[in-house]
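Here is a short briefing on one structure. Look at the sequence and the model first, then read the points below.

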Amino acid sequence: MAGAYLGVLVLTGWLTGRPLRPLFDGFAPPSPYHWVNPPPALRSGNVTPKPTVLSVALGPDGSPATSVTSDDGQLSLNLPARAIPAAPGQTTATFTVTPVDAATLGPLPDLFADGNAYRLELAYDPSGEPLERLAQPASVLMVVPQPAASIFSSADGRSWTRRDTSTVSNSTAATTGADLGYFLAGAAGPVRAVGRRSDIGPTLAVVGATVVLAVALWAAPLLVRRRRP
Amino acid sequence: MRAVRRLVVAVGASLGISVLAAAPASAHTVASVQPTNYRSEIVAVTPARSGLRVRLLDLGRKVELRATGAGDVVVLGYQGEPYLRVGPGGVFENRRSPTLYQNRTQPGGGPAKVPATADAAAPPEWHRTSTGRTARWRDQRTRWEGPDPPSVSASPHRAQLVVPAWHLTLRDAAGDVVVTGRVLWVPGPSPWPWLAASVVVVALCAGLGRRRRWERPLAAALAALLAVSVVRTVGLEAASGKGAASVAATVVATSLVPLAGWIAGAWAVAAIHRRLENGVLAAGVVGFFLAVFALGDVLTLTRSQVQPAFTASFSRAAVSLTLGLGFGLAAASALVVRRLAAEARAGSRAGRRPPPR
C-alpha cells in the first residue's frame with residue numbers, strides 16, 4: 001500500500017515539483033484471539049471465553065451429522081453421523097466444551113502452548129454416563145493465535161499425544177480422531193502478539209503493472225507521432 | 001467563455017449519463033460487490049476429499065464448488081434437498097428445489113418468487129446448466145445480512161465472532177462432506193487518510209492547469225487515471241473467480257460506460273499531447289465522469305471487507321486516486337480551456353489564426 005502511495009507521490013511530485021508526504025492507514029485488523037489467560041501484552045480488550053454446553057438428539061442409529069463449537073468459536077468438532085452410538089433409554093448426549101488455561105496443564109513436548117486448551121466432555125442423558133471415545137472419528141478444528149505446528153490431545157491434561165495435524169490456514173489447524181478429553185495446539189515459539197496480515201507484496205506488483213500501463217498510455221501517442229514521416 | 005460553457009455542458013451530460021447508467025440498488029455497487037464489515041470464511045471441509053475444492057467468492061455471498069472426481073457431488077439446499085449437482089456430466093440444477101428460486105433475484109432487485117412446482121421432498125428434476133466441473137451459486141448461509149446483531153451494535157469497534165459456525169453439506173457416493181465456516185465482524189478502517197489523499201491529488205492535479213507547459217503532465221494524469229480504472233475493473237472481475245477470457249468478456253459487456261470513458265480518455269491523451277482543445281475538454285469530462293462513478297464505491301474506504309481488485313489495499317488506493325485524479329482533471333481542464341480561450345481571443349485581436357481544436 002505504501003508503494004501505491006509512493007508511486008502516486010513520485011508521479012505527482014515530478015509533475016508539480018513540490019515535496020509531498022505519504023499517507024497510510026494500515027490494514028483491517030485480524031479478529032482477536034479470546035484467551036483464558038492472555039499474555040501480558042494482549043490483556044487489553046481480551047474477552048474471556050466461557051464453557052459451552054450443547055445437546056445432541058439421538059435417533060435409533062445414534063447421533064446425526066452435526067458440529068459442536070465453543071462459545072468463542074475457537075474450537076469446532078465436526079461429527080459424522082453415528083459418531084455417538086445409540087444407547088437404551090438415552091435420548092440425548094450432552095457435550096461440554098471448557099476452555100482451559102494451558103499453563104495449568106502439563107507442558108507440551110518440544111513445543112509452546114498455542115492459545116487455550118479445550119476440554120471436551122460427553123455424557124448421555126438422562127443417565128449422565130460419560131463417554132470416553134466417539135464411535136466414529138470426528139474432525140477437531142482449532143483457531144490459534146499463531147500458526148500451529150501440531151495439535152495434541154490428552155485424557156488427563158498431563159501427558160500429551162501428538163496428533164496428525166493439517167494446517168487449514170495460519171490461524172486454524174485441524175486433526176481427526178475419536179478421542180475426547182483435552183486438546184491443545186503447539187507452536188514453535190511462545191505467543192507474543194498477533195501479526196497483521198499484509199498484502200504489500202501483491203499490491204506492489206499491481207501498482208507496478210498499473211504504472212507500466214499508465215506510461216504506455218502516455219507514451220504511445222508520442223511514439224506514434226515520432227514514427228510518422 | 002464559449003469553451004467553458006462547452007465544458008460545463010459536457011460535464012453535465014456525463015453526470016446525467018452516469019446517473020442514468022447506474023443500476024438499481026443491489027448487492028453490487030457501480031463497479032463491485034458492496035463492501036461490508038462482515039468477514040465470511042471457510043474453516044474446514046470434512047472429511048477431506050481429493051478432487052473437491054470449495055471457496056467463497058464476492059465476500060461470502062457466493063460459493064464456488066469445483067469437483068473433478070469420478071463421481072457426482074450434490075449440494076444440499078436450505079431444506080436438505082438436492083439443489084445442485086456437479087460431476088463428469090457437467091453442472092445440473094434441480095428445478096424442483098426451492099433453494100434454486102430462493103437464491104435468485106428478480107431483475108431490479110428483490111428475491112424471486114418460489115413457484116408452486118418447487119418441492120423439497122419431490123424427486124429431483126435435473127437440468128444441465130454447464131458442461132464444466134465448477135458450480136457457483138449465491139448462498140444465504142455463508143453471509144450475514146440484515147441489521148447488525150446486538151453485540152456488534154454494543155461494541156462496533158471490536159472485532160468479534162458473529163456466526164460461530166455455518167455449514168454446507170455436499171453429498172457424494174462415499175457420504176456427506178460438511179463445509180464449515182464462520183462470520184466475523186471486523187471494524188472498518190478510517191476513511192480520512194484516503195479522503196485526504198484524494199483532496200491532495202485533486203489540488204495537485206488542478207494545479208497542472210496553471211502550468212505554462214501543461215500538455216505532458218495533464219496527459220500523464222489522465223493516463224494514470226485510465227490505468228487505475230482499467231486495472232481496478234479487471235481486478236474486480238477477476239476476483240469473482242472467472243478466467244481471463246471470461247473477465248475480458250464481462251468487462252466489455254457490463255462496463256460499457258467506463259469502457260466508453262477509457263476509449264475517449266485514450267484519444268484525449270493523444271489529443272492533449274497535440275495541445276488540442278477538444279482533447280482537454282474530453283479529459284475533463286472523462287475525469288469527472290470516472291470520479292462520479294467512483295463515488296458509488298466510497299464504502300471501499302470505510303469497510304474492512306472489500307472485493308479485492310487483485311488486493312484490498314489496491315482497491316482502496318484506486319478509489320482514492322480515481323476521486324482525486326478525476327475531479328482534479330476536471331478542474332485542470334476548465335483552467336486550461338479558459339486559458340486557451342483567452343489566448344484565442346488575444347490571437348484573433350492580433351490577427352493570428354486560431355489554434356486547432
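In chain B, 48% of the 357 residues count as buried (20 or more other C-beta atoms within 10 Å of a residue's own, with C-beta atoms placed from the backbone). This is a predicted model: local features need pLDDT of at least 70, side-chain atom pairs count only at pLDDT 80 or more, and totals for chains, interfaces and linings use all residues. Residues are numbered from 1 along each chain as its sequence is written, while chains are lettered from A and ligands numbered from 1 in the order in which they are written.

**Fold of chain B**
- Chain B has nine helices and 10 strands (DSSP runs of H or I, at least four residues, and of E, at least two, numbered from the N terminus).

**Largest nonpolar core**
- The largest nonpolar core holds 67 residues (a core is a set of buried Ala, Val, Leu, Ile, Met, Phe, Trp, Tyr and Cys residues joined through C-beta atoms within 7 Å).
- α9(B) gives the most, 16 residues.
- B:Cys205, B:Leu218, B:Ala221, B:Leu222 and B:Ala223 touch the most other members.

**Where the chains meet**
- 49 residues of chain B are in contact with 42 residues of chain A (C-beta atoms, placed from the backbone, within 7 Å).
- α5(B) supplies the largest share of chain B's side, 11 residues.

Note on methods
Buried ≥ 20, exposed ≤ 12 C-beta atoms within 10 Å, placed from the backbone. Contact = placed C-beta atoms within 7 Å.
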